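This report goes through one protein model for a reader who has not seen it before.

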Amino acid sequence: MPRFALKIEYHGGPFAGWQRQADQPSVQGAIEAALARLEPGEHTIAAAGRTDAGVHAKGQVAQCDMAKDWDPFRLSEALNYHLKPQPVAVVAAARVDDDWHARFSALERRYFFRLLMRRAPATHDAGLVWQVKQVLDVAPMRAAAAHLIGRHDFTTFRSSICQAASPVKTLDEITIDAVDGPSGPELQFRLRARSFLHNQVRSIVGTLERVGAGAWAPEDVKTALEAADRAACGPVCPPEGLYLDGVGYPEDPFGG
């Protein structure tokens, strides 16, 4: 059965997350239903990462096995036709080797987070950003983030229901950029690692927001990390501003 890699973009608002669920809409369920319209029968796809309810994606990657050796462009076009009107799009498809795996072949995941700083409610960006009413001080946030780079026990920044075998992860990069966004001043976070714990990114961003607001000092984040205690974490921010931005492989299946 020919295997294909799919690069997928979606708005997470209407979904209970990526993973298929019996009684709630999911991104995985939407794509599997579209595949069944192309080739009747049961389809099970695997993704590079399972995003939570409300989390978006610009570069999620999944794999599917088909009976027919589709032209990749025609496969993506046919899937997009059957995905309408749901906010899910296959932006690229590629034929891959039979042993290629969307999750296990990945070398890194990249997440992007948008934090909008303005008092008036967001309209055009509603559901796409985390909005706070005050302007945050980015310099201490960057100083705090530096304590998180590298290999650490991230128990403090791990959900209590996380199923990962170990809380030890290596955070390769975290950057915070102050930009003029379409709705006002934004802080944009970029985080890169081979893999992340459940709620790790949202726990980190929510804690760094407390630093930017002046409620925490940068050294408090170092202390919280070293505590290896979930109770030491700052607030977990909402999912609306979080995007799975991309997945890295030894060779880009989409040729980018």
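## Pockets

The second largest pocket is lined by Lys 7, Gly 59, Val 61, Arg 110, Asp 245, Gly 246, Val 247, Gly 248, Tyr 249, Asp 252, Pro 253 and Phe 254. Two elements give two or more residues to this lining, strand S3 (56-65) and strand S10 (242-248), and S10 gives the most, with four residues. Helices (H or I, at least four residues) and strands (E, at least two) are DSSP runs, numbered from the N terminus.

The model is predicted: local features need pLDDT of at least 70 and side-chain atom pairs count only at pLDDT 80 or more, while totals for chains, interfaces and linings use all residues. Residues are numbered from 1 along each chain as its sequence is written, and side-chain values use heavy atoms, with hydrogens and water left out.

A pocket, on a 1 Å grid over the protein atoms alone, is an open set of points where a 1.4 Å probe fits, with protein on both sides within 12 Å along at least five of seven lines; lining residues have an atom within 4 Å of a point. A volume is the space filled by probe spheres set on the points, which are joined across faces, edges and corners.

The largest pocket holds about 1200 Å³ of space. Its lining has 38 residues, and those nearest the centre are Gly 49, Arg 50, Arg 103, Phe 196 and His 198. Strand S2 (46-47), strand S5 (108-117) and helix H4 (200-212) each supply at least two lining residues; the largest share, three residues, comes from H4.

The table gives the make-up of both linings. Ala, Val, Leu, Ile, Met, Phe, Trp, Tyr, Cys and Pro count as nonpolar, Asp, Glu, Lys and Arg as charged, and the others, Gly among them, as polar.

| Pocket | Volume | Lining residues by class |
|---|---|---|
| Largest pocket | about 1200 Å³ | 18 nonpolar, 12 polar, eight charged |
| Second largest pocket | about 150 Å³ | five nonpolar, three polar, four charged |

## Cysteines

A disulfide is a pair of cysteine sulfur atoms within 2.5 Å, and by this rule the count is zero. The sulfur of Cys 233 is too far for a bond, because the closest cysteine sulfur, in Cys 237, is 9.7 Å away. Cys 233 is buried (under 20% relative accessible area; exposed is over 50%, partly exposed in between; 1.4 Å probe, protein chains only), at 14%. Cys 237 is buried as well, at 1%.

## Single residues

Ser 183 is in the loop between strand S8 (168-181) and strand S9 (184-193). Ser 183 is buried, at 13% relative accessibility. A polar contact of 2.6 Å joins the side chains of Ser 183 and Asp 125; such a contact is a pair of N or O atoms within 3.5 Å, where within protein one must be able to donate a hydrogen and the other to accept it, and residues adjacent in sequence count only if both atoms are side-chain atoms.

Most residues other than glycine have a negative phi, and most peptide bonds are trans. The peptide bond from Lys 84 to Pro 85 is cis, with omega near 0°. Asn 199, not a glycine, has a positive phi of about 70°; Asn 199 lies in the loop between S9 and H4 and is buried, at 17%. Ala 228, also not a glycine, has a positive phi of about 50° and is partly exposed, at 32%.
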